[in-house]
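Reader: I am new to this structure, and I would like to learn how to read its features one at a time. Could we begin with the pockets?

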Amino acid sequence: MRRAVALSFRLASARFVAQATPRAESAWRRPKARAFRLLQFILAILWLALPQFVLARGAAANDAQSFQAFIESLWPDAQAHGVSRRTFHLAFKGVTFDPKVVAETERQPEFVRPIWEYLASAVSPSRIERAKSIAETHRRWFDKAHEAYGVDPGAVIGIWGLETDFGAYRGSNDVVRSLASLAYKRYRGDMFRDELIAALQILEEGDVERVALKGSWAGATGQTQLLPTNFLQYAVDFEDHGKRDIWTSAPDSIGSIANYLGKHGWSADEPWGFEVVLPKGFVLAEADFSQYASFDSFAERGVKRADGRPMPRSGKAQFLMPAGLKGPTFLATPNFKVIKSYNDSTAYALAVALLGDRATGAAGLVAAWPTRERSLSAAQIRDVQTRLHKLGYEVGEIDGKFGDIGQAALRGYQQRNGLVPDGYPTPAILARLRKSS
């Protein structure tokens, strides 16, 4: 059948093309003949596409049946976690498989955005002004959170602003449907199954109405964008109104973020870090990035704060150079890694930190970002990762994203080859790697 249809398609295509040739000009000018040939061409294409359409419809029908069976299979686990049958039925009423959510997991970036472009958007002048207004409007709650959890108000403001622009953009996906779809496809194993059960527990405990449980495609929800399991662990009724409301309550959102950071090891009354200036001829070592040292030891090596203030009398830090030596240099304390526990991205954590600083009165950066420098694409970064891996360095997943593991690997390569070990991949580094591996 398919061979016959294909033959029909080729014949129709040939006839259609022939109608457009000079030798068939007289026939082409006849409207009825032209319309008939065009119809033949279209029908042939439709016949070829029909089997694929039927297969797709069949797969969708099978998915729908399997998805409903999967939902029912969740009941024993949900019941064991205290979810009532009423809540279970209410949660899944009308819920269908969402292929768009699953498609999100397969999206791959075509390029890597330079950190200065990300920061220009994340810490924009308009967002800074909103952050300052938020800091003043909710000062009472930030002070209360600082007293209760010891967390710097700036870090809370920064996360709140980066996650949802202070509640303005919380996501419109049905959290139950998103989590159920990801769990059904076993994306990341049992992770989203566990998140789905946690979402049912949230509904059972009455912290939010079913219709209001909205969020990102991955199930993060509320003004704080907590996953359901994190909500159960860290969300608090900071406003003391009988429920943990991170969807509409600013106080509960502030308290929940502060509690999260406090439980993840935030050291009270210590900064996340600050920008510094290196003395001329400063010699970097890989250990400056991988180990913490006292502020006094950095001061003894001539490192100074960019804002002119003295170094803290106590505490420890390590270098952070997200754009290499050509960009701003920071000393980051362990609190910076606590911010990263919320979202394991250096660019995100730095945006949180800088937004929080600006909201609480600090000035902007002194050093400029190397905006004229050419950045590597995702494909080029994968090439860097692959070549470092072949040379024996641990680079983690080869995914075109250069995180802490990749930077440590690159610093090791740079130090071994007499280069400045700043861990920043550049076109020159890639060219050198291509010659040596």
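Reader: How do the residues lining the second largest pocket divide into nonpolar, polar and charged?

Author: In this predicted model, the lining of that pocket divides into 17 nonpolar, four polar and nine charged residues, where Ala, Val, Leu, Ile, Met, Phe, Trp, Tyr, Cys and Pro count as nonpolar, Asp, Glu, Lys and Arg as charged, and the others, Gly among them, as polar. On a 1 Å grid over the protein atoms alone, a pocket is an open set of points with protein on both sides within 12 Å along at least five of seven lines, a cavity is a set where a 1.4 Å probe fits but cannot get out, and lining residues have an atom within 4 Å of a point. Of the 30 lining residues, Trp 272, Phe 274, Asp 357, Ala 362 and Ala 363 lie nearest the centre of the second largest pocket. Helix 7 (115–122), strand 3 (273–277) and helix 18 (346–359) are the elements that give two or more residues to this lining; helices (H or I, at least four residues) and strands (E, at least two) are DSSP runs numbered from the N terminus.

Reader: Which residues line the largest cavity?

Author: The lining consists of Asp 152, Gly 154, Ala 155, Trp 266, Trp 272, Ile 339, Ala 353, Gly 356 and Asp 357, around a volume of about 40 Å³, a volume being the space filled by probe spheres set on grid points joined across faces, edges and corners. Helix 18 provides the largest share of this lining, three residues.

Reader: Is Arg 127 buried or exposed?

Author: Buried means under 20% relative accessible area, exposed over 50%, and partly exposed in between, with a 1.4 Å probe and protein chains only. Arg 127 has a relative accessible area of 15% and is therefore buried; its place is in helix 8 (residues 125–137).

Reader: Which side chain does the side chain of Arg 127 join in a polar contact?

Author: A polar contact is a pair of N or O atoms within 3.5 Å; within protein, one must be able to donate a hydrogen and the other to accept it, and residues adjacent in sequence count only if both atoms are side-chain atoms. Here the side chains of Arg 127 and Asp 165 are joined at 3.4 Å.

Reader: How should I treat the numbering and the values?

Author: Residues are numbered from 1 along each chain as its sequence is written. Local features need pLDDT of at least 70 and side-chain atom pairs count only at pLDDT 80 or more, while totals for chains, interfaces and linings use all residues, and side-chain values use heavy atoms, with hydrogens and water left out.
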